Amino acid sequence: MTHPSAREHFAALFHRHHRQVYAYAVSRAGRGVADDIVNDTFLVAWRRLDAVPLDPLPWLLGVARNVVYEKHRDQVRQLSLMSQAKAAVEGDVADLVAERSATLAALDALTPADRELLTLVAWHGLAARDAAKVLGVSTATFFVRLHRARRRFEKALAEQSAVESAFPLPAEEIRR
């Protein structure tokens, strides 16, 4: 059960700053998603009520900013998935299969640690800070390891592509 003073404090916070947070959300993301941004912002404020500073507006706008960025990242991910699906349907399936095969072979050539670094970011969509937490390392260490893993992946992918271009399948085998 929530303490009555916490509810009252949150209600006062909400009533005092709702308009400003809403205006910020509209200016950053438009009216279509402003209500969602405001709701998510005040949900964070409710969950972290003890962390809200005495001057809460800058903190609330910072939370709203993060919510806007997260919604943007989600949209980019969705658009990317939709374009990949569209390309798979409209594009040359043989090219997509060959590209996927080369990518998976290059990943397979890497160490498990390198694969984990790359997939945390590329497949699971984690930010570097969050991926670093998963691995139990600092963000700086994660960036260094990720950079090295990417270079090894690029090399493995280039080697895999060279092998495939040296031994291409006849067109009739690709169509089967």
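Start with the contacts across the whole chain. In this predicted model, residues 24 or more positions apart account for 56% of the contacts with a separation of 6 or more. From the N terminus on, the order reads α-α-α-α-α-α-α-α.

The protein exposes about 12,500 Å². Carbon and sulfur atoms supply 56% of that area. Of the 176 residues, 22% count as buried.

**Stop 1: the aromatic rings**

Show the side chains of F10, F14, F42 and W46. Ring pairs link these four into a cluster. The structure holds five aromatic pairs. Zoom in on F10 and W46, which form an edge-to-face pair. Their ring centres are 5.2 Å apart, and the planes make an angle of 75°. This pair links distant parts of the chain. F10 sits in helix α1, residues 4–29, and W46 sits in helix α2, residues 31–47. The two are 36 residues apart.

W46 is partly exposed, with a relative accessible area of 31%.

**Stop 2: T41**

Stay on helix α2 and select T41. Its relative accessible area is 0%, so T41 is buried. What does T41 touch, apart from residues up to four places away in sequence? Select V21, L60, V63, A64 and V67: T41 touches each of them.

**Stop 3: the largest pocket**

The largest pocket has a volume of about 760 Å³. Its lining counts 20 residues. Select S80, Q84, T103, A122 and W123, the lining residues closest to the pocket centre. Next, colour the helices around the pocket. Those that give two or more residues to the lining are α3 (56–90), α4 (93–109), α5 and α7 (139–166). Which helix gives the largest share? That is α4, with six residues.

**Stop 4: D114**

Move along to helix α5, residues 112–122, and select D114. Is D114 buried or exposed? With a relative accessible area of 5%, D114 is buried, because the cut-off for buried is under 20%. Now show its contacts, leaving aside neighbours within four places in sequence. D114 is in contact with A149 and R152.

**Stop 5: helix α6**

Select helix α6, residues 128–135. Show A128, A131 and A132, which are buried. Turn the view to look down the axis of α6. The buried residues of α6 fall within an arc of 105°, so they line one face of the helix. Finish by stepping off the end of the helix. G136 follows α6, and its phi is positive, near 75°.

- Ring cluster: F10, F14, F42 and W46.
- T41 and its contacts, V21, L60, V63, A64 and V67.
- Pocket residues closest to the centre: S80, Q84, T103, A122 and W123.
- D114 with A149 and R152.
- Buried residues of α6: A128, A131 and A132.

Note on methods. Residues are numbered from 1 along each chain as its sequence is written. This is a predicted model: local features need pLDDT of at least 70, side-chain atom pairs count only at pLDDT 80 or more; totals for chains, interfaces and linings use all residues. Side-chain values use heavy atoms; hydrogens and water are left out. Helices (H or I, at least four residues) and strands (E, at least two) are DSSP runs, numbered from the N terminus. Buried means under 20% relative accessible area, exposed over 50%, partly exposed in between (1.4 Å probe, protein chains only). Contact means heavy atoms within 4.5 Å. Rings of Phe, Tyr and Trp (its six-membered ring) pair if their centres lie within 6.5 Å; planes under 30 degrees apart count as stacked, over 60 as edge-to-face and the rest as tilted. The arc is that of the directions from the helix axis to the C-beta atoms. Accessible areas come from the Shrake-Rupley method with a 1.4 Å probe; for residues, only the protein chains shown count as cover. On a 1 Å grid over the protein atoms alone, a cavity is a set of points where a 1.4 Å probe fits but cannot get out, and a pocket is an open set with protein on both sides within 12 Å along at least five of seven lines; lining residues have an atom within 4 Å of a point. Grid points are joined across faces, edges and corners, and a volume is the space filled by probe spheres set on the points.
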